[in-house]
Amino acid sequence: RTATLSGQLVHVAIGRLLSLLAAEKRKGQLLLVRRDEIATAFLRDGQVVRIDVPAEREQLDGAGRLLWLLDWLHGRFEFAPSDVTDPDTVGLSTPHALMRHARLHEDPPTAP
């Protein structure tokens with residue numbers, strides 16, 4: 001497995017990275033490592049279709065796993081092209097995930 005794209009999340013935010021991979025309709029595996037956590041996102045036609053997460057995060061559904069990854073600010077990533085035939089267990093496109101993530105992290109309106 002040869003990484004064709006790698007770097008640090010502090011330099012390239014995960015949302016921006018997923019948007020780039022979606023725009024280019026890439027397929028392959030995106031390995032993400034932070035401290036002692038490892039996650040692998042599987043992409044087909046630029047969309048995340050499956051995410052393998054550490055055991056303590058396995059209770060999250062596919063969309064929850066994607067939203068959890070979008071919280072990562074530090075760590076490193078490697079993307080390696082490969083055929084991905086997994087069924088879509090995420091069910092959330094990259095643009096919709098980014099919008100949902102932004103809404104979850106909005107500051108609540110302040111009362112006058």
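In what order do the elements of the protein run from the N terminus on? I read off β-α-β-β-β-α-β-α, with three helices and five strands in the protein. Helices here are DSSP runs of H or I with at least four residues, strands are E runs of at least two, and both are numbered from the N terminus.

Notes on the source: this is a predicted model, where local features need pLDDT of at least 70, side-chain atom pairs count only at pLDDT 80 or more, and totals for chains, interfaces and linings use all residues. Residues are numbered from 1 along each chain as its sequence is written, and side-chain values use heavy atoms, with hydrogens and water left out.

Overall dimensions next. I get a C-alpha trace spanning about 55 × 30 × 30 Å along the principal axes.

Then burial. I find that 41% of the 112 residues count as buried, meaning under 20% relative accessible area with a 1.4 Å probe, protein chains only.

I also checked contacts (heavy atoms within 4.5 Å). Of those between residues at least 6 apart in sequence, 66% join residues at least 24 apart.

Last, I zoomed in on one residue. Where does aspartate 86 lie? I find aspartate 86 in the loop between strand 5 (76-81) and helix 3 (94-104). Is aspartate 86 buried or exposed? Aspartate 86 has a relative accessible area of 18%, so I log it as buried. Leaving aside neighbours within four places in sequence, I list Phe42, Arg44, Val49 and Arg50 as the residues in contact with aspartate 86.

Methods
Buried < 20%, exposed > 50% of the residue type's maximum accessible area, 1.4 Å probe, protein only.
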